[in-house]
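Trainee: I've got a model open and I'd like to learn how to read it. Can you walk me through it, feature by feature?

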Amino acid sequence: MPRRQHITVFAILALFAFIGTSFVLMFRSQPQGADYPGPTSQEPVLVDNEILLGTATAPKLENETLKAELGNAAWKVLHTTMAKFPDKPTEEDSQALKSYIHLFARLYPCGECARHFQQILAKFPPQVATRSTAAAWACHVHNEVNKSLKKDLFDCSKIGDFYDCGCADDGPVKGKEKEKEKDGFKQLELEKEG
Ligand SMILES: Cc1cc2nc3c(=O)[nH]c(=O)nc-3n(C[C@H](O)[C@H](O)[C@H](O)COP(=O)(O)OP(=O)(O)OC[C@H]3O[C@@H](n4cnc5c(N)ncnc54)[C@H](O)[C@@H]3O)c2cc1C
Ligand SMILES: *[C@@H]1O[C@H](CO)[C@@H](O)[C@H](O)[C@H]1NC(C)=O
Ligand SMILES: *[C@@H]1O[C@H](CO)[C@@H](O)[C@H](O)[C@H]1NC(C)=O
């Protein structure tokens, strides 16, 4: 019957079209991570303790000028990271910060600083439960480095809710902000409403 044949040919063509389209889509589509296109399942990112706590990677940094510049910039990154960390982080946020700190220590480009900082981390494990504990912890470990370099110490109890990274206006900061200069720090004091 010609009508039957028509239907059969159409069905076969439709099947080929479907298979063809599926193939094209399969090879075009990228794995969509929740946050950014991540690695495929063939290349998982494994961040276990061996990776987090392994031997520092960099050699000794001989150039003292570079060492100081690097340190200054790195402290800025670290303190600003804490200042921008969520007030109420998820468990995953906290784990990410903890891993970041350990990798920061391991990969820090001044090798002797990295090894020293890893010892400090072993003694004072990262506090990542909230923004303020993270900020206070960073202040404390900065002072630990300062102690060994015979630099001034900063009173970490005066750190307030966070170090002013100049980015307070876009944060979820409630209450009146008062800026204060102290020991080269601009601090924010948060006043309770009502
Ligand atoms: C992880 C790490 C380990 C290091 N280890 C060594 C080492 O072993 N040997 C060595 O010679 N050098 C080391 N350094 C470098 C050293 O700590 C200094 O950065 C460098 O000597 C320059 O010092 P500085 O006087 O410019 O002040 P820094 O210590 O760099 O600090 C300067 C600025 O940091 C900001 N800051 C400080 N405290 C806070 C706070 N609580 N909250 C917010 N902001 C703050 C302030 O703006 C301050 O002016 C290390 C640096 C880092 C990041
Ligand atoms: C040391 O580092 C500084 C700052 O990065 C750089 O300007 C200088 O040229 C370096 N000195 C040497 C000897 O490499
Ligand atoms: C560490 O030393 C630097 C440089 O002297 C100083 O500005 C800072 O307040 C000290 N302490 C901390 C926690 O940053």
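Predicted model: local features only at pLDDT ≥ 70, side-chain atom pairs only at ≥ 80, totals over all residues.

Trainee: How many salt bridges does a search of the whole structure find?

Mentor: Four. One of them joins Lys 67 and Glu 112, at 2.6 Å from N to O. That pair ties together distant parts of the chain: Lys 67 belongs to helix H3 (residues 64-84) and Glu 112 to helix H5 (residues 111-123), 45 residues apart. Glu 112 is partly exposed, with 23% relative accessibility. There's also a network of salt bridges that links Glu 64, Lys 67 and Glu 112.

Trainee: And which salt bridge involves Lys 158?

Mentor: Lys 158 meets Asp 155, at 3.8 Å from N to O. The cut-off is 4 Å, so the pair counts. Lys 158 is partly exposed at 37%, and Asp 155 is partly exposed at 36%.

Trainee: Let's zoom out. What pattern does the protein chain follow along the sequence?

Mentor: Read along the sequence, it goes α-α-α-α-α-α-β-β, that is, six helices and two strands. Of the contacts with a separation of 6 or more, 61% are between residues 24 or more positions apart. Buried residues make up 29% of the 194 residues.

Trainee: How do I check the length of a helix, say H4?

Mentor: Count 1.5 Å a residue and compare with the distance between the end C-alpha atoms. The 17 residues of H4 (residues 91-107) should span 24 Å, and the ends are 24 Å apart, so the two agree.

Trainee: Which residues of H4 are buried, and what covers them?

Mentor: The buried ones are Ser 94, Leu 97, Ser 99, Ile 101, His 102, Phe 104 and Ala 105. Their cover includes helix H2 (49-53), H3, H5 and H6.

Trainee: Which residues touch the most other members of the largest nonpolar core?

Mentor: Met 82, Leu 97, Ile 101, Phe 117 and Trp 137, out of 28 residues in that core. H3, H4, H5 and H6 each supply at least two residues, and H6 gives the most, with seven. Take Phe 117: leaving aside neighbours within four places in sequence, Phe 117 contacts Trp 75, Phe 104, Ala 105, Val 141 and Val 145.

Trainee: One last thing: what should I make of the phi of Lys 150?

Mentor: Most residues other than glycine have a negative phi. Lys 150 has a positive phi of about 55°, although it is not a glycine. Lys 150 lies in the loop between H6 and strand E1 (177-182) and is exposed, with a relative accessible area of 76%.

Notes: Residues numbered from 1 in each chain as written. Chains lettered and ligands numbered in written order. Heavy atoms only, no water. Salt bridge = Lys/Arg side-chain N within 4 Å of Asp/Glu carboxyl O. Helix = DSSP H or I, 4+ residues; strand = E, 2+ residues; numbered from the N terminus. Buried < 20%, exposed > 50% of the residue type's maximum accessible area, 1.4 Å probe, protein only. Expected span 1.5 Å × (residues − 1). Contact = heavy atoms within 4.5 Å. Core = buried A, V, L, I, M, F, W, Y, C linked by side-chain atoms within 4.5 Å.
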